[in-house]
Amino acid sequence: MGCCNRRCGLIAGAVFGAVVAILGGVLIPLGNSVIQGTVEKEAVIEPGTTAYDNWVSTGAKVYRQFWFFDVQNAQEVLQKGANPVVVEKGPYTYRTRYLPKDNVTFNSNHTVSFLLPMGAIFEPAMSVGPEDDKVTSLNLAVA
């Protein structure tokens, strides 16, 4: 009785393994063709595709922050040669890389031409003061 259970288990395992192997042999090429078709359809930079929408305008915001050393005793430094007393001011934060590509042109040689607008928007909520703060700094090249 134990021998039949063992033999039946081995036969069932061999049949199951063969079915899985045949199924895998059929589905791997089919899966590859489905994946390749999806990549060819969606990864190409053409209007209407997800890749194009992500390429034209990035979703992530990029910030650039600046810190300055403000000279508190500028007149004494100029007139008497005193050591400068500086106070760190910052950050002053600007959002960059926020503009979508402009003048997108698809060329006949399978290339794309575009203009990347440069610019920055001041972010007062992420800055210590207004954009028109006065800062007196040393000209290190002259000093």
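R95 touches K61, V62, Y63, G119, A120, I121 and E123, leaving aside residues up to four places away in sequence; contact here means heavy atoms within 4.5 Å. The structure is a predicted model, in which local features need pLDDT of at least 70 and side-chain atom pairs count only at pLDDT 80 or more, while totals for chains, interfaces and linings use all residues. Residues are numbered from 1 along each chain as its sequence is written, and side-chain values use heavy atoms, with hydrogens and water left out.

R95 itself lies in strand β2. Helices (H or I, at least four residues) and strands (E, at least two) are DSSP runs, numbered from the N terminus. With a relative accessibility of 18%, R95 counts as buried, where buried means under 20% relative accessible area, exposed over 50%, and partly exposed in between (1.4 Å probe, protein chains only).

Three strands make up an open sheet, ordered β1-β2-β5, with antiparallel pairing. Its edge strands are β1 (62–71) and β5 (120–122), each of which pairs on one side only. On average, neighbouring strands of this sheet are turned by 40° against each other, direction ignored; the axes are lines fitted to C-alpha atoms, for helices over the stretch in contact, and angles run from 0 to 180 degrees between N-to-C directions. In general, strands of a sheet pair through backbone hydrogen bonds, either parallel or antiparallel. Two strands are taken to pair if DSSP finds at least two bridges between them.

On one side, nine bridges join β1 to β2, and these strands run antiparallel. R64 has Y94 as its bridge partner in β2. Strand β2 (residues 86–96) is also joined to β5 by three bridges, again in an antiparallel arrangement. Here Y94 stands opposite F122 in β5, and R95 stands opposite I121 of that strand.

A search of the whole structure finds two salt bridges, each defined as a side-chain nitrogen of Lys or Arg within 4 Å of a carboxyl oxygen of Asp or Glu. In one, the side chains of E123 and R95 meet at 3.5 Å, N to O. This pair links distant parts of the chain, with E123 in the segment after β5 and R95 in strand β2, 28 residues apart. E123 is buried, at a relative accessible area of 16%.

A salt bridge also forms between the side chains of K89 and D70 (3.9 Å, N to O). Because K89 lies in strand β2 and D70 in strand β1, the pair ties together parts that are 19 residues apart in sequence. K89 counts as partly exposed at 23% relative accessibility, whereas D70, at 9%, counts as buried.

Finally, the surface deserves a look. I22, L23, V26, L27, L30 and V34 make a nonpolar surface patch of about 580 Å². Patches are made of residues with over 30% relative accessible area and no salt bridge, joining like charges within 9 Å and nonpolar side chains (Val, Leu, Ile, Met, Phe, Trp, Tyr) within 5 Å. Accessible areas come from the Shrake-Rupley method with a 1.4 Å probe; for residues, only the protein chains shown count as cover. Among the patch residues, L23 has its place in helix α1 (residues 2–42) and is partly exposed, with a relative accessible area of 49%.
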